[in-house]
Amino acid sequence: MESSIAAPNELSRSLKSRHVSMITFGGIIGAGLFVGSSTAIGNIGPAAVLSYAIAGFLVLLVMRMIAEMSIAMPGTQTFPDFARQGVGEWAGYMVGWLYWYFWVVVIAIEAIAGAKIINGWYPQLEVWQIGVVLMAVLTAINLMSAKSYGEFEFWFASTKVVAIIVFILVAGAYATGVTSPSGSTFANLTAHGGFAPAGVAAIFAGVATTIFSLCGAEIATLAAAESEEGSKTIANMTISVSLRILIFFVLSIFLIVSIVPWNEIEAGTSPFAHALRQMGYPGADLIMEGIVLVAVLSCLNSGIYITSRAMFGLARNGDAPQSCVKLSGARVPARAILIASLFSYFALAASILSPDQVFSFLVTSSGAIMLFIYILVAVAQLRLRARFEAEAPERLQVKMWLYPFGTWFAIAGMGGVLVMMALSPTSSKELWASMIVTAAFLLGYWAKTHFVSRSKDA
């Protein structure tokens with residue numbers, strides 16, 4: 001029997017492989033796919049499918065790097081710690097806090113998305129009231145135990161996966177002309193201004209938007225600390241799930257722009273619902289609202305879990321309040337969970353009190369953060385790989401593809417996306433806002449190290 005007294009700061013290992021697999025799906029498949037993809041399609045056209053493919057491939061490369069490091073350093077499971085060991089203390093601090101910030105904003109975004117759906121069913125309830133309740137309920141689930149979170153997430157994510165598979169099968173039959181009364185609909189890919197009506201540059205600039213929807217496969221490495229599975233199983237799962245996610249996203253978006261003229265899709269509405277209406281399915285909006293609500297609750301559930309574990313990891317390395325290391329009787333970092341919820345409540349309040357300034361900045365400033373994080377992780381992999389090859393090559397049981405060229409390609413690809421963001425009138429705001437937040441955390445690290453050094457000298 002495990003003893004919380006013997007190991008007071010050790011997380012429980014109550015998550016099973018099915019939990020970790022679906023947790024990864026849960027963190028990725030959210031409103032960003034079911035609703036947010038409408039913005040990408042509206043800005044890019046049918047070529048949005050290439051933006052998703054490029055973003056997915058870059059994420060897959062990063063996941064391969066994380067898998068390599070996870071197996072080579074079995075005692076170091078979380079990817080912020082890979083950055084810490086490969087680049088330096090400052091990199092671990094930055095990756096951990098930027099990741100925490102990213103998901104705190106996601107929690108608020110998903111809570112608002114879910115609240116708006118329920119508000120459409122029950123207009124007598126205010127959006128902010130529903131959002132508060134949703135966050136409170138899922139915070140309570142996370143406080144219960146890691147297993148309770150994993151079980152809820154398993155069923156949430158399973159529903160989303162089944163929905164996407166069914167959509168791909170139904171839409172595939174329609175697009176190929178099997179169920180369509182007018183035959184194949186693939187002409188929509190080029191019939192309305194061409195395949196890339198906004199130009200090639202929009203495809204690459206759109207990667208920054210679409211990569212936001214694909215982030216989350218790295219959750220498996222955070223969940224590994226509470227899993228019964230070994231690091232190799234978790235690492236391989238990260239790769240396989242990432243590949244499946246890439247296929248799901250690209251296929252579903254491809255079929256949507258094949259069935260529906262891209263210029264008929266309205267930003268902020270579900271292109272999945274539009275496609276179902278086009279195919280003649282009654283109640284398409286209600287069906288998609290239900291699926292999107294499940295997806296939102298799943299992402300919200302995962303977001304609370306991720307932010308708490310990220311802060312727990314930061315605290316163990318002395319980069320966050322030490323109170324966040326303490327675990328509850330259920331072996332969960334309760335204080336870290338509550339702090340994450342508190343900041344998300346602040347973001348939720350900002351969406352009501354200052355939607356065009358504070359909340360707009362929070363959303364905008366998260367746009368490029370994952371690219372910054374992934375680049376630091378890639379640099380860490382370059383350095384750690386060289387170290388392992390020189391000192392302990394037997395640790396490299398899983399290797400990055402085409403090293404070092406595969407890693408440099410990923411870095412160049414993500415750097416290229418940042419350049420395209422800087423050149424885009426719309427995306428440049430996200431880049432600069434993300435840089436402001438990054439600079440603020442760098443200043444925080446400087447203040448922390450300066451304070452610590454002065455305290456030691458005193």
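Which residues are linked in a network of salt bridges? They are Asp81, Arg84, Glu89, Asp319 and Lys448. The model is predicted. A search of the whole structure finds eight salt bridges.

- Asp319 and Arg84 join through their side chains in a salt bridge, at 2.9 Å from N to O.
- This pair links distant parts of the chain, 235 residues apart.
- Asp319 sits in the loop between H13 and H14, while Arg84 belongs to helix H5 (residues 79-86).
- Asp319 has 8% relative accessibility, so it counts as buried.
- Arg84 has a relative accessible area of 9% and is buried.
- Both residues belong to the network that also holds Asp81, Glu89 and Lys448.

**Salt bridge between helices: Arg18 and Glu151**

- A salt bridge also joins the side chains of Arg18 and Glu151, with 3.0 Å from N to O.
- Arg18 lies in helix H1 and Glu151 in helix H8 (residues 146-175), so the bridge ties together parts that are 133 residues apart in sequence.
- Arg18 is partly exposed, at 32% relative accessible area.
- Glu151 is partly exposed, at 24% relative accessibility.

**Salt bridge within one helix: Glu389 and Arg385**

- Glu389 pairs with Arg385 in a salt bridge whose closest N and O atoms are 3.0 Å apart.
- The two residues are four residues apart in helix H16, so about one helical turn separates them.
- Arg385 is buried, with a relative accessible area of 5%.

**Helix H1**

- H1 spans residues 17-28 and has 12 residues.
- From first C-alpha to last, H1 reaches 17 Å. That is close to the 16 Å expected at 1.5 Å a residue.
- H1 is mostly covered, with 10 of its 12 residues buried.
- The buried residues of H1 are His19, Val20, Ser21, Met22, Ile23, Thr24, Phe25, Gly26, Gly27 and Ile28.
- Arg18, the H1 residue that pairs with Glu151, is partly exposed.

**Ser252, a buried residue in H11**

- Ser252 is part of helix H11 (residues 231-259).
- The relative accessible area of Ser252 is 0%, so this residue is buried.
- A polar atom of the Ser252 side chain lies 3.0 Å from the backbone oxygen of Phe249.
- Leaving aside residues up to four places away in sequence, Ser252 touches Leu33, Phe167, Ile168 and Phe272.

**Nonpolar surface patch**

- Which residues form a nonpolar patch on the surface? Trp121, Tyr122, Leu125 and Leu286 do, with about 410 Å² of accessible area together.
- Leu125 is located in the loop between helix H6 (89-121) and helix H7 (127-144).
- Leu125 counts as partly exposed, at 37% relative accessibility.

**Backbone features in loops**

- Most residues other than glycine have a negative phi, and most peptide bonds are trans. The next points give exceptions.
- Arg331 has a phi near 65°, a positive value in a residue other than glycine.
- Arg331 falls in the loop between helix H13 (284-316) and helix H14 (334-353).
- Arg331 is buried, at 8% relative accessible area.
- Leu402 also has a positive phi, near 50°, and is a residue other than glycine.
- Leu402 lies in the loop between H16 and H17.
- Is Leu402 buried or exposed? At 69% relative accessibility, Leu402 counts as exposed, because the cut-off for exposed is over 50%.
- The peptide bond from Tyr403 to Pro404 is cis, with omega near 0°.
- Pro404 is in the loop between helix H16 (369-391) and helix H17 (405-423).

Conventions: Residues are numbered from 1 along each chain as its sequence is written. This is a predicted model: local features need pLDDT of at least 70, side-chain atom pairs count only at pLDDT 80 or more; totals for chains, interfaces and linings use all residues. Side-chain values use heavy atoms; hydrogens and water are left out. The expected span of a helix is 1.5 Å times one less than its number of residues. Buried means under 20% relative accessible area, exposed over 50%, partly exposed in between (1.4 Å probe, protein chains only). Patches are made of residues with over 30% relative accessible area and no salt bridge: like charges are joined within 9 Å, nonpolar side chains (Val, Leu, Ile, Met, Phe, Trp, Tyr) within 5 Å. Accessible areas come from the Shrake-Rupley method with a 1.4 Å probe; for residues, only the protein chains shown count as cover. A salt bridge is a side-chain nitrogen of Lys or Arg within 4 Å of a carboxyl oxygen of Asp or Glu. A polar contact is a pair of N or O atoms within 3.5 Å; within protein, one must be able to donate a hydrogen and the other to accept it, and residues adjacent in sequence count only if both atoms are side-chain atoms. Contact means heavy atoms within 4.5 Å.
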